[in-house]
Amino acid sequence: MTQAKRKRNEVAKIHTRSAQKKLYDEAIVLSDSSSDSDVAEVTSVFAISASLPLPTTRAAEAVVVVLGDSETESPIEVPHVRRQRPILSRSMSLHSPGPAATLSRRPVERSSILPLNTEVEFSGICSPPPSQPNDTAPATPLTTPNTDHGLASPDTDDKQKERLLYLHIFDNVLQTVLSGESHLFSDQEQATLRAFTSLERHSRYLYTRLFMRKHGWIRVSTLNTYGEDVVVEQSCKCLGTRTSSHEPFVQSEAEIADSEEALQILTLPELKALAKTRGIKQLTNKPKEAICAAILKGAKQRTVISFFRKTSDSGSEDSTKQRLDVLVREVTKLTGPLVRLSPLTVELFERLHLVFFRTPTFRGDDNPMKVAVLATIGQIRFPKYNVTRSHDLFASRDDVIQYRALLEVGSQMGELGSALVKETEKHKQGWEMFLEHRDKWERHIESLCEKTSAYSRSLTYSGDGDEVVAIEYWKRRFTPGSALAQIVERGAKFAANLKQFEDEECVLQSLLAQTAYRLGKRGDWYERLILLHSAHLRPKRIKSSKGDDKQTASALLRQALLTARDICIRALNDQHVGRLSLHSISRQMRALEAKLSFAEDQLYQHSRISLEWKSAPERTVYGVRINDRNRRGPSLWDGNDEVPCSVERLALWRYQSLGYAGLHSENSMVTSLFSLLFWDVIFHPLPGTLDTEYQSRPLDMGNESFYFSRQTLIDQRLKEIVDGEFADIILANYDFGYGAECVGVSWDITCDQLLIVAKYIGGHALAAICQVLAREYRSKSSGFPDLCLWNSVTEKVMFVEVKGPKDKLSDSQRDWIDILLTNGLSVEVCLVREGDARDHE
């Protein structure tokens, strides 16, 4: 690296650090003091510098926060701060695939100081929490206490800003849920939540930060980043206090009862030091688990003196317990004071966050609070939409508790199911978990059969009330039955891995017997059921049988094949089976009919039978592959100027030599076009789909109900696209939402490129592609060709799927190629092979 280049890199790093240090900017915090006169407490809250390469250009939006000090004051109201987005220049050419559009930035005026009675909105995104239904008593409003113990310490302004930020978000979660969905919590739980709001600020801030971390034992000495040592200790003592209204929010080291749990707190050097003090040797290169086991084994063994002491059996157990208690005390002496969130309150607050964010969090998952923090400080920005929070998404407190518990079981089963097939113990464990819930599923299926209204109508029903049916179907995703259906589906996979085919067949039949949950999975269930009857459940070794046994076996085989064919017919008539499954099932049925020696007039005919995909022409290109035995993952090839590149990049260079411009965009090109064309449709305010201001998509995006709940809006937009109005829609939404975290949109693709591709695709083909995504977004948002190419001279667009050596087209890729070819678009499959291109000219 040259000296000039190193200097440029150092300057860039300095600029980056400078921009990060200026993350916060000035704002005014007004505090209504308890005295007669109002005292203005000036505290910087947050304002975000724009994420430009140079820190000289900054756009900040001042924020006004009202901190109430009286007991009846409303909770903190902080507006949503978003990063100032670049505004796209309107001077763009539709004919040039050249440089990106010119970007400029609007100047931002600082907010003036707002009076105390001014209502502050979340940048047009978040509406105030809706009022309680008439038949429900209004919840007592939360209050922000006037205690300032934690913030009175001589911390820096940045620390104060950070605390106010976390407190605001946590208080907003509490306020929103208790103002509209308090019926999902018992009176005692509501009292606990309100007791939390009465704690002084630093204690609430400390609990918030601990809640966002992994829920285990934490050394108090490591919490100095959250405040001075004295203040942190006082907050831990405050959080650990038991009152008549609530249990302690945290636990101390005195409540550690499990010696094995205590040893897990220690670091590896500390464990080795403890082991040496107990006379345990040969610790070199031993893992932490082995050292813990050795220490525990030594602690349970009796000493020579105690061995000769006469004691009863119960006395021996007491002696062992005493030795383990001594071990725990030795551990806590090494660690110092410890703190852990109380499991009871953790479960309560996790349930609170599930109700607010509509997303469950389990061990190892990122806390959704992190997203809220990043959005509030402007590190990420969400689209503008009207928050239409619903109060009836969860029916009752018991439903929420069951729903979360079943989701956790399903999550654990998912982890076990990711194990290799040969790890049978894990699959047996997963199967046992399913068996524990099988009876509950069967009872639930019986109860569904008794419901004849919303649960019986199909999503494909055409008539009045389709949107209502679709919304009701989508809301079932938040019921215990939906989580139970996921457990049952995973149980079928465990049965398959364990080769328990008869059990698997029963489970799949029970899933197909209902149409209340997971309609998008029905095609997969049919495919597996057909395979079971045609391969795994049919009689084996017919040729080795003799006489009557052979005839019986042949009859059983024919019956199994006929059963599989009947399942194919049933699947073809099931309107919930998608495109990919229809192709596979159609081919399976024709293969079965061939084995059954059906004549031409005996073949089953149906309008949905789709046997073959249209095939795209192939083009072979050659390159030099970089062989690296230590490398895992995609292959590397010599590119231009001998720079290593991917197989897609190599193919792109070859097509550029043929006069094409383009991108290696894969799915992002088509999903970006779809989201920009249907921006207002995606964020249309349907009940319960946009419940928080921290969403990049509505909650029903990817669900089978998405299309049917918006069918009128989608059909209208498709007509506009066919009529050629797509360019104006793309340009307007690109300008409106630039930089926002929106589902499917890649802002790395410029507006010019999007407009060129849309123009060359044409209105009819573009509408057909968008309709496929609107109906089956979850399954069709993958598998699109790798390269998107266009030729400005011929004004044609071409999509290319690149395949290296030994790569094959997947069914999803074949289906997209078929869709594109059917709508008159050019598609090629580019085969990259090793060799010198000059030898094949």
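**Close-up views of the predicted model**

Residues 24 or more positions apart account for 74% of those contacts in the protein that have a separation of 6 or more. The model is predicted. Its secondary structure comes to 30 helices and 15 strands, and 49% of the 841 residues count as buried.

**View A. The largest pocket and its lining.** The space in the largest pocket is about 1,000 Å³. A total of 40 residues line this pocket, and those closest to its centre are Arg358, Pro360, Tyr403, Arg477 and Leu699. Two or more lining residues come from each of helix H12 (368–376), helix H13 (397–417), helix H15 (466–475) and helix H16 (480–497). By class, the lining consists of 17 nonpolar, 12 polar and 11 charged residues.

**View B. Arg358, a residue with positive phi.** Arg358 is among the residues closest to the centre of the largest pocket. The residue is placed in the loop between helix H11 (343–357) and H12. Its phi is positive, at about 65°, although Arg358 is not a glycine. With a relative accessible area of 2%, Arg358 is buried, because the cut-off for a buried residue is under 20%.

View D. Ser586 lies in helix H20. Its relative accessibility is 0%, so Ser586 counts as buried. When neighbours within four places in sequence are left aside, the contacts of Ser586 are with Leu572, Arg608, Ile609, Ser610 and Leu611.

**View E. The packing of helix H2 against helix H4.** Helix H2 (residues 157–180) packs with helix H4 (residues 201–211) at an angle of about 75°, and their axes are 9 Å apart. The two helices are therefore roughly perpendicular to each other, since angles of 65 to 115 degrees fall in that class. On the H2 side, the contact is made by Glu162, Arg163, Tyr166, Leu167, Phe170 and Asp171. On the H4 side, it is made by Arg201, His202, Arg204, Tyr205, Thr208, Arg209 and Phe211. Classed by residue type, the contact of H2 with H4 has five nonpolar, two polar and six charged residues.

**View F. The crossing of helix H3 and helix H11.** The axes of helix H3 (residues 187–197) and H11 cross at roughly 90° and come within 11 Å. H3 is therefore roughly perpendicular to H11. Glu189, Thr192, Leu193 and Phe196 of H3 make the contact with Leu348, Phe349, Arg351 and Leu352 of H11. Five nonpolar, one polar and two charged residues make up this contact of H3 with H11.

**View G. Helix H22 within the structure.** Nine of the 10 residues of helix H22 (residues 668–677) are buried, so this helix is largely enclosed by the rest of the structure. The buried residues of H22 are Met669, Val670, Thr671, Ser672 and Leu673, together with Phe674, Ser675, Leu676 and Leu677.

Methods: Residues are numbered from 1 along each chain as its sequence is written. This is a predicted model: local features need pLDDT of at least 70, side-chain atom pairs count only at pLDDT 80 or more; totals for chains, interfaces and linings use all residues. Side-chain values use heavy atoms; hydrogens and water are left out. On a 1 Å grid over the protein atoms alone, a cavity is a set of points where a 1.4 Å probe fits but cannot get out, and a pocket is an open set with protein on both sides within 12 Å along at least five of seven lines; lining residues have an atom within 4 Å of a point. Grid points are joined across faces, edges and corners, and a volume is the space filled by probe spheres set on the points. Helices (H or I, at least four residues) and strands (E, at least two) are DSSP runs, numbered from the N terminus. Ala, Val, Leu, Ile, Met, Phe, Trp, Tyr, Cys and Pro count as nonpolar, Asp, Glu, Lys and Arg as charged, and the others, Gly among them, as polar. Buried means under 20% relative accessible area, exposed over 50%, partly exposed in between (1.4 Å probe, protein chains only). Axes are lines fitted to C-alpha atoms, for helices over the stretch in contact, and angles run from 0 to 180 degrees between N-to-C directions. Angles under 35 degrees count as roughly parallel, over 145 as roughly antiparallel, 65 to 115 as roughly perpendicular and the rest as oblique. Contact means heavy atoms within 4.5 Å.
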